[in-house]
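User: Hi! I'm new to this structure and would like to look at a few of its residues with you. Could you take me through them one by one?

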Amino acid sequence: MNRLRHILPGLLLLMVSVTGHAALQIVTTTQDLAALAEAVGGDYVKVQSLTPGTRDPHFAAAKPSMIRKVFRADLLLIIGADMEIGWLPPLLQSARNSRVQPGNPGHLDLSGTVPILGKLSGPVSRALGDVHAKGNPHYWLDPRNGAHMARAIAARLGELDPEHAADYERRFLAFERMLNDKLPGWRAELAHLESKPVIAYHTSFIYLADAFGFRIVDEVEPKPGIAPSAASLSALLTHIKADDIGVLIMEPYYERRSARYLNEQTGIRVAVLPQSVGAQKGIDNYFDLFDAIVAVLNNAEDN
Ligand SMILES: [Zn+2]
């Protein structure tokens, strides 16, 4: 017995390191993708996100630690639709890992798994701002899309690791069931926003609006990625007053001065929404994200 007590911790360590080795290494560009990969991958995967949910995912600086992660990855999950266009291509090049290059099984662009909104027709010019010709990439903010994304991740994991394909499928189905259970509650809590006009800071919430039935009628940014000017803010003031717009929603990482000014001038309520898993303490998975968004939107309404 005494000897067993000495051996047991060693055995446990060995087991942990063996399963650790077998785990598929998944690298994601955002924490939302990491949360979905963890939900369907469970103990068979090890997931790391290249960016934290506290930061604007349009921008990232390629650090050596990020290159190392991509170098070791078996599977790379990306938002796509040009979300990471400014920082991922050089990172992929530096990491020299053919498994995760576009077109290979270790590369999964989730934008191909959901209905993309806001696709532009006609020629795209930089004069329109930081626009994405491939459509709006903020699609993870519709919980229905979360199910599409999780299904695609589970299917790809099953291809890369056929031994556990049935487990991935089972975990996906459990995730989807939970999402379907929670969606009516979120909708009921946000019913007061139904058909209401709302202003967003950036064009990031069209999927959220689509999922919960409110309308985004204007943005604080005069063009995507372009900071507001005195002239654009004054035009916005007129719009808010004319249409009696009650709520402004924005991500935590944008400047607050413009929103404060609009609030002072019109009384518009400002809801700073966590836009990603990891954006705030306590948002550790995809369900937490929508719980938090619903809570913030309801508080904004009560003020
Ligand atoms: Zn954007």
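This is a predicted model: local features need pLDDT of at least 70, side-chain atom pairs count only at pLDDT 80 or more; totals for chains, interfaces and linings use all residues.

User: Which residues does H138 touch, not counting residues up to four places away in sequence?

Analyst: H138 is found in the loop between β4 (107-109) and α5 (143-160). Its relative accessibility is 2%, so H138 counts as buried. Leaving out residues up to four places away in sequence, H138 touches H58, M83, H202, T203, S204 and Y207.

User: Where is A81 found, and is A81 buried or exposed?

Analyst: A81 sits in the loop between β3 (75-78) and α4 (88-95). Buried means under 20% relative accessible area. A81 has a relative accessible area of 5%, so the word for A81 is buried.

User: What is the phi of D82?

Analyst: Most residues other than glycine have a negative phi. D82 lies in the loop between β3 and α4, and at 18% relative accessibility D82 counts as buried. A81 has a positive phi of about 50° although it is not a glycine. D82 is also a residue other than glycine with a positive value, and its phi is near 70°.

User: How many aromatic pairs does the structure hold, and what kind of pair do Y44 and Y168 form?

Analyst: The structure holds 8 aromatic pairs. For Y44 and Y168, the ring centres are 6.0 Å apart and the planes stand at 90°, so this pair is edge-to-face.

User: Which parts of the chain does that pair link?

Analyst: Y44 is partly exposed, with a relative accessible area of 31%, whereas Y168 is buried, with 0%. The two are 124 residues apart, and the pair links distant parts of the chain: the loop between α2 (31-41) and β2 (45-49) for Y44, and helix α6 (residues 165-189) for Y168.

User: What about F175 and Y286: what kind of aromatic pair do they form?

Analyst: A pair of aromatic rings is described by the distance of the centres and the angle of the planes. For F175 and Y286 the values are 6.1 Å centre to centre and 40° between the planes, and the pair is tilted.

User: Which helices hold F175 and Y286?

Analyst: Both residues are buried: F175 has a relative accessible area of 5%, and Y286 is at 1% relative accessibility. Their pair ties together parts that are 111 residues apart in sequence, because F175 lies in helix α6 and Y286 in helix α10 (residues 286-302).

User: Which residues form one aromatic cluster with F175?

Analyst: Y286, the partner of F175 in the tilted pair, belongs to this cluster. Together with F175, the cluster is formed by W186, Y286, F287 and F290.

Technical notes:
Residues are numbered from 1 along each chain as its sequence is written. Side-chain values use heavy atoms; hydrogens and water are left out. Helices (H or I, at least four residues) and strands (E, at least two) are DSSP runs, numbered from the N terminus. Buried means under 20% relative accessible area, exposed over 50%, partly exposed in between (1.4 Å probe, protein chains only). Contact means heavy atoms within 4.5 Å. Rings of Phe, Tyr and Trp (its six-membered ring) pair if their centres lie within 6.5 Å; planes under 30 degrees apart count as stacked, over 60 as edge-to-face and the rest as tilted.
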